[in-house]
Amino acid sequence: MEYRHELKFLVSDITLEKLKYRLAPFMDRDEHHADQFYRIRSLYFDDLFDSCFNENLAGTDNRYKYRVRFYDNTDYINLEKKYKLRGMTKKEMEPVTIEQVNSYLNGDFDFTHGRLATEIFASSVKSGMRPKCIVEYDRCAFVEPVGNVRITFDMNLRGSRDIERFLDNSEEFAIPILPPGQHVLEVKYDEFLPTHILQLVDMNNLQRTSFSKYAMVREMLAK
């Protein structure tokens with residue numbers, strides 16, 4: 001997969017609902033939708049030096065981080081590696097089992113299940129790569145095949161250091177990260193953003209940010 005543009009904005013409840021209302025007639029919901037939104041839960045990894053966290057804070061270019069992610073339930077779980085370069089992103093992923101995830105939570109990194117699993121095993125040996133926190137939120141997502149556009153509204157961002165509860169269906173252990181009524185809008189596309197979508201989102205009136213959910217959760221949980 002090639003790198004994609006990824007623009008991030010902090011938006012209020014009112015702006016979020018306005019944009020959803022504008023986009024709904026022109027874009028489809030993505031494949032994960034069974035209702036108005038779905039839950040995303042990710043387990044983020046970092047090393048003994050918190051390299052990923054510090055690179056996020058510093059805005060270091062050409063960086064990457066590992067995470068395990070599932071949507072709504074644990075029927076399908078992926079190990080992912082997300083890259084960032086000059087404001088653009090790309091993602092690699094491979095499926096993992098509940099048994100593999102449990103082994104990660106216990107600090108046992110098996111390198112026999114795929115290339116990314118091998119990489120994270122090597123990082124665990126070399127620099128002490130380990131699970132650091134859980135990041136969770138509710139997502140509403142719209143897609144458009146022209147330009148491979150994906151617009152996501154990530155609501156109710158929450159997090160936890162209780163990594164052993166990653167596979168727990170309960171949401172009660174995660175704490176809110178953003179102030180009430182504040183959410184994250186992300187606009188992702190390949191080479192171009194179709195004009196009609198650009199006009200519907202009206203990004204000139206939005207507050208663009210380099211927001212990292214992982215870094216924000218780590219900062220808030222440290223307080």
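**Stop 1: charges over rings**

Select Lys81 and Tyr64: Lys81 lies over the face of Tyr64, at 4.4 Å from the ring centre. A charge counts as sitting over a ring if NZ of Lys or CZ of Arg is within 6 Å of the ring centre and within 35 degrees of the ring normal. Next select Arg218 and Phe53, where Arg218 lies over the face of Phe53 at 5.0 Å from the ring centre.

Before going on, note that this is a predicted model, in which local features need pLDDT of at least 70 and side-chain atom pairs count only at pLDDT 80 or more, while totals for chains, interfaces and linings use all residues. Residues are numbered from 1 along each chain as its sequence is written, and side-chain values use heavy atoms, with hydrogens and water left out.

**Stop 2: strand E3**

Select residues 38–46, which make up strand E3. Helices (H or I, at least four residues) and strands (E, at least two) are DSSP runs, numbered from the N terminus. How many of the residues of E3 are buried? The count is 9 of 9. Buried means under 20% relative accessible area, exposed means over 50%, and partly exposed lies in between (1.4 Å probe, protein chains only).

In a regular strand the side chains alternate between the two faces of the sheet. In E3, Tyr38, Ile40, Ser42, Tyr44 and Asp46 are on one side, with Arg39, Arg41, Leu43 and Phe45 on the other, and both faces are covered.

Two strands pair if DSSP finds at least two bridges between them. E3 and E7 run antiparallel and are joined by 9 bridges; E3 and E4 are also antiparallel, with 5 bridges.

**Stop 3: aromatic pairs**

Show the aromatic side chains. The structure holds 9 aromatic pairs. Rings of Phe, Tyr and Trp (its six-membered ring) pair if their centres lie within 6.5 Å; planes under 30 degrees apart count as stacked, over 60 as edge-to-face and the rest as tilted.

Select Tyr44 and Tyr214. This pair is stacked, at 5.0 Å centre to centre with 20° between the planes. Tyr44 is in strand E3 and Tyr214 in helix H6 (residues 213–221), so look for partners 170 residues apart,. Tyr44 counts as buried because its relative accessibility is 4%, and Tyr214 is buried at 1%.

Move to Phe70 and Phe166, an edge-to-face pair at 5.2 Å centre to centre and 65° between the planes. Phe70 belongs to strand E4, while Phe166 is in the loop between E8 and strand E9 (175–176), 96 residues apart. Phe70 is buried, with a relative accessible area of 1%, and Phe166 is buried, with 0%.

Finally, select Phe45, Tyr104 and Phe109, which form one aromatic cluster.

**Stop 4: helix H3**

Select residues 98–105, helix H3, where Gln100, Val101, Ser103, Tyr104 and Leu105 are buried. Among the elements that cover these buried residues are strand E5 (77–85), strand E6 (88–96) and helix H4 (115–127). After H3 comes Gly107, with a positive phi near 80°.

**Stop 5: the nonpolar cores**

A nonpolar core is a set of buried Ala, Val, Leu, Ile, Met, Phe, Trp, Tyr and Cys residues joined through side-chain atoms within 4.5 Å. Which members of the largest core touch the most other members? Select Ile151, Phe153, Leu185 and Val187, out of 22 residues in this core. Strand E8 (149–160) is one of the elements that give two or more residues to the core, and E8 provides the largest share, 4 residues. A second, separate core of 21 residues includes Leu43, Phe70, Phe173 and Ala174.

**Stop 6: two partly exposed residues**

Select Phe192, in the loop between E10 and H5. Phe192 is partly exposed, with a relative accessible area of 41%. Not counting residues up to four places away in sequence, Phe192 touches Val146 and Gly147 (contact means heavy atoms within 4.5 Å).

End at Leu57 in helix H2 (residues 51–58). Leu57 counts as partly exposed, at 46% relative accessibility. Leaving aside neighbours within four places in sequence, Leu57 is in contact with Ala215 and Glu219.
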